[in-house]
Amino acid sequence: MDVQIRNLTKTFGSLRANDAISLSFAAGNIHGILGENGAGKSTLMKLLAGFLQRDSGEVLLDGQPASLHNPAASLAAGVGMVHQDPMDVPAFSALENFFCASPRSALPSLAVARQRLTQLNQQFGFTVAPDQPLARLTVGQRQQLEIMRLLACGVKVLILDEPTTGITAAQKTALFAALRRLTAQGETVLFVSHKLDEVADLCQTVSILRSGRVVGAQLPMPQPQAELLKLMFGQAGAPAPPRQAAAPPAPASAVPVWQLHQITVREGALSVPNLTLSLPRGCVVGLCGLDGSGQQLLLRLLAGRLHPERGRLLLHGTDVTRAPYRAFRAAGVEYLPADRMHDGVIGAMTLTEHLLLTSEQHGLIINRADARTQAETAIAAYNIKATPDTPLVSLSGGNQQRAMLALLSAECTGLLFDQPTRSLDVVSARAIWQRLLHRRAAGTTIVFASADFDELLAYSDLLLVFFAGRVSRLLPCPTMTAARLAELIGGVGFAEVAAHGG
Amino acid sequence: MADKPTTEAVPEALPAPAALRALALPAAHLLTSAGIIIGGTLLFTTLVLLASGTSPLEAYRLILSGAFRNPRTIADLIMLTAPLLLCSAGLTLTFSAGLYNLGIEGQIVIGAVLAMVPLRLLPDLPPPMLWLLALSAGAIGGMLWALLVGVLRLSTNVNEIFAGLGLNFIAIGITLYLVFGPWKRPGVASMSGTEPLPEALWLPTLAGIRLAPLAPIIALIGMGVVWFALTRTHWGLEIRAAGLNLAAAERLGVPAHARLFQSLAGCGALAGLAGALQILAVYHALIPNISSGIGFLALLVVLLVRSNPVWVLPVAILFASFSIGSIQLPLQLGIDSSIAGVLQGTLVLFALIAQGVRGRG
Amino acid sequence: MQQTMFLRAQLLVMLLLLGSILLSACGGSAPEAPAAPEAPAADTSTEPFVFGMVLVGPINDGGWSQAHYEGALYAEERLPDSKFIYIDKVNPADKPNVQVEQVVDELVDQGAKLIITNSDDFKDGTREAAKAHPDVIFIHASGDDVLTGLAPANLGNLMGKMEYGKMIAGCAAALATESGRISYLGPLINDETRRLVNSAFLGARHCWTELRGNDPAELSFEVTWIGFWFNIPGVTLDPTQVANDFINSGTDVIISGIDTTEALIEANKATQAGTPIFAVPYDFEGACAQAEEVCLGVPYFHWGPSYLETITAAERGTWEPSWQWLDPDWDDINNKDTSAIGFIKGAGLSDEIGAQLDEFIAGLADGSISLFTGPLNFQDGTVFLAEGEVATDEQIWYMPQLLEGITGRSE
């Protein structure tokens, strides 16, 4: 199905998220949509999928004007979208989700749905077991399920918004193969990403948005990477990431920030047994492994948000095995979760209010003027695009992340960061790491989990690899390559690096 | 938005007058909302009134003016507004903490029951001291009852709505037991409640009208304290943070669960105070329906004002005036006075609709 | 997300609240024009004498409040220059935050010179209102402030001698029972209800022994109090359940002391199912209509004549505060113009038993049967009346216990 977009405009208050966008996507191709965070990619896709209503302009499908006033209408017209966070019912099984979110004309009965699901699974090499409760599926499997559901509904234009975030390498391979097969069948795929290599790998054309406008329309791939970066980021461009300076050597006598003695930590079915390690001051520790291999358990253990089943945990040499989260905070440990809006910041509150909440010395009465001044300072220092009185929920992802960093106490000695740059563009990500490396230089130990090898290799001093409920010893980063890391995550040669021989 | 020409790596297309427009928008929204609320409410209640064969204009006139007819009705209005205000202030606290304290009725009731204890045990103390004791006992009773909700919610994860509703039943059960059991009148157990207190123990009223000035004074102080706490103190800010996002507030170092507890305790104390006033200033006895639904009415008030403390007072007065004004309806127009309840409920419903409309736009 | 959830929860709560408000609004009766249509008396130069009434229940409750309402209409009809106004459903469930005093204020504002309040619950409120309006006459029906000396000079009490109605009910039950087990479905416990249970018991025992010639020891008379005048789920016992417990324990006649008709309904169900059970409802002339076949009859109130008398006296300025406890008209207890209480026989009463009942009523009328006569003991064995002693009105009004021979709680 050909898609033509003519002068599409969408504003939010004073923000022109999409400004007279005109693009056209030919059937049977994978079209990349590139742009930094906040460029308007997601808005455009949501307009197509009926989750948002356009202010003006029109969309033609195979030359016919299409009415896309809600998701069902878009679906009926043949346009379906796989969201960054799959929208599904966690309490239902995969099959039930597949069935109940589809129109009856597509899947008349549960039996038909089961048959169709099995068939699609086979066709694309997907691994969704029909009766598995949704909560037990990985992010990648939920995405596969959603793609299959849309196909079962007869979608001719498939939109994927940052589909490779949070899925494994194998799932990514399967996804890309499936997308290629779909276009071979005549489907149109719109692939939204900010990852240049993926777009280069997959797409026949690429279109680039910046600040709500089209700055590059249907450019045939391949394109020089530098050219694309320039279009995405304007004159600021994106110079190659600087190789970080080596970690300042910590004095041997210094007390490590964290010491773990034979710790076992468990949550639900997932456990990390018998962990003994010591994390020195002033270093960056990267945690890698397949999604959900226990990295988050360790982060939350170190933050005091999850207590170990067995073993002892020392923080700056003090036993904190059973201490509450607040004791960890008081000792300078901070935890930055992956999902900012869920448990990172309070979306409806402003930066000023957050600064009031986190200020350590305060009396009974709040001093708003003082906090406002602090907020203005933080905004300038961290280059946050907001006023002191903007609710954080209305900031873009990168700005929210910077705001979280701005809220860190100056006395922070241990920082636990889950996915520091997930779904951030290159420039934002680099700015975040600049801040983090400053912290490291001041003696803070940073432990972070990431799925991005480049990030892990570029910024870590030490690496911990998680595989099948086991954890490697601390591996010095300079000796590591992406290829080796990929092997380890997949379990190849893991025994050699496993802590005390297994 | 930031008009600082600082080191913005990426220019964002934000026109200059954005700040001005940002100011203008809420005013426009406010007008739309007010239109929806008032228009919708009038339409709905007019239909109800027409369906019952009454002149809507006449009914509205009576409801709106009925409470302001003479000093006596104004006194009644104030005496109803006082406990309503206390409960609304309390609920503003719990709403800010993201809690639905539907147990407020029970908290009023237990406040009233505990206020009776010093009045029954120590009737010979000087009245001012007894009043102080009764009010304190009421506040403590309401607070303890509210904390039960908190314990159920935080320790066993029972939703505070169900915990509160359950405790309401228990509180009413306790009252009925006392009124028909240990505290009954000599030889007679009656729905009209316990033996009335000696007149010396009633909160003093102005001559000729049923207005005990102490009641509105206490209510206004309670209201003021809540407003100050929520808008000017760290404690209030932390309560709001816990209410908006418990997990994030905890992460940011706010003792969020403690704040939930404290907001419930504060609300319970204010509700208990209202219960004590019902005893000392209104009914002068413990009656089975001592709360008179004031807690639920306060829920409507707070739903309408969206826990914005500034609006609590006028809306509480408005709601109380509906209740007082509507007494005339059966007498003058032959329609049931519960139309006041319809009016109150419809107002809140349309306020929520308006909010929903605004949320979409 | 958090906010959306919050909003949804809010909507849900709101709908629940609104629903309950609407229900309470629609559930009630839609009263007719409150001021009964006055004849074209607009030309008369004299102001009409306005009298008001505060009713605890709805005017069409088929019971206590309707009897009062019809009594007031009766008086208004017969006093051409009078005007009747009222406010009904003055109770905490229907009108929370509205007290008797406030309602009285409204009635006085409308010109009421005499105000009748019709619930025991209004005792304190009526007294306070009377003090606040010394120039208005107050009649508290069922109260005793005049007896206790608490009443101000403008407050009187009025009540019918339902004791006789209950004695007749008890007699009918004793004449109809096969098993000798009679049960009384009691409301809450107070002087009035103890008095009525005792009266029913005395009537039953008399007819069981004197008319049927049975051994008094073989008569079982049991009372269960539900806790209020009608069922409040979760607060009172469920009268349906209590009635069934009675039936299952072998009772074959249930006397109801509550405002609603569960006893009659359950008796009917049991009878349909093959176990013949009779019932005696209460308060309202038409109560038997719900199950004629199993209804032995109903004792009821006639307020009209006494209201007419009181209002006439007030109009003429000859009213004096008093505590009035009115006898039935023994010539014809069902005479609407003269009798304060009555008893209408039900279809369940056989002709033979009906005749015996008439005999009993005649005995009450001519004084040959005087049931509150000693020897009578209380439940705990203490003496209420010595041999040959006849109880005074006050002794009957304030009975501290149930009588010996009744099973059930005295307080």
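## Helix H13 of chain A

Helix H13 of chain A, residues 368-382, has 15 residues and reaches 20 Å from its first C-alpha to its last, close to the 21 Å expected at 1.5 Å a residue. That expected span is 1.5 Å times one less than the number of residues in the helix. Helices (H or I, at least four residues) and strands (E, at least two) are DSSP runs, numbered from the N terminus. The model is predicted: local features need pLDDT of at least 70, side-chain atom pairs count only at pLDDT 80 or more, and totals for chains, interfaces and linings use all residues. Residues are numbered from 1 along each chain as its sequence is written, while chains are lettered from A and ligands numbered from 1 in the order in which they are written.

A:Ala371, A:Ala375, A:Ala378 and A:Ile379 are buried in H13(A). The buried residues of H13(A) fall within an arc of 100 degrees when seen down the helix axis, so they line one face of the helix; the arc is that of the directions from the helix axis to the C-beta atoms. An α-helix has 3.6 residues a turn, so residues three or four places apart point the same way. A residue is buried if 20 or more other C-beta atoms lie within 10 Å of its own, exposed if 12 or fewer, and partly exposed in between, with C-beta atoms placed from the backbone. The buried residues of H13(A) pack against helix H12 (351-358) and helix H14 (397-406) of chain A. Just after H13(A), A:Asn383 takes a positive phi of about 55 degrees.

## Domains of chain A

Chain A is divided into domain 1 (3-236) and domain 2 (258-345 + 407-501); domain bounds come from an automatic or database domain assignment. The C-alpha centres of these two domains of chain A lie 33 Å apart.

## Domains of chain C and their contact

Chain C is divided into domain 1 (46-160 + 303-326) and domain 2 (162-300 + 340-407). Their C-alpha centres lie 29 Å apart. The contact takes 13 residues from domain 1 of chain C and 12 residues from domain 2 of chain C, two residues being in contact if their C-beta atoms, placed from the backbone, lie within 7 Å.

On the side of domain 1 of chain C that touches domain 2 of chain C, the elements that give two or more residues are helix H2 (64-78), helix H10 (304-316) and strand S11 (323-326) of chain C. The largest share of that side, 3 residues, comes from H2(C). C:Glu77 is found in helix H2 of chain C and is partly exposed, with 13 other C-beta atoms within 10 Å. The C-alpha atoms of C:Glu77 and C:Leu308 are separated by 9.5 Å, although the two residues are 231 residues apart along the chain.

## The open sheet of chain C

An open sheet of 5 strands in chain C has the order S9-S8-S6-S7-S15, with parallel pairing; two strands pair if DSSP finds at least two bridges between them. Strand S9 (278-280) and strand S15 (406-407) of chain C stand at the edges, each with a single partner strand, so one side of each is left without a neighbour in the sheet. Strand S7 (residues 220-225) of chain C runs parallel to S15(C) and is joined to it by 2 bridges. The bridge partner of C:Phe221 in S15(C) is C:Ile406.

## Chain B

The secondary structure of chain B comes to 14 helices and 0 strands. Of the 361 residues of chain B, 57% count as buried. Among contacts in chain B between residues at least 6 apart in sequence, 77% join residues at least 24 apart.
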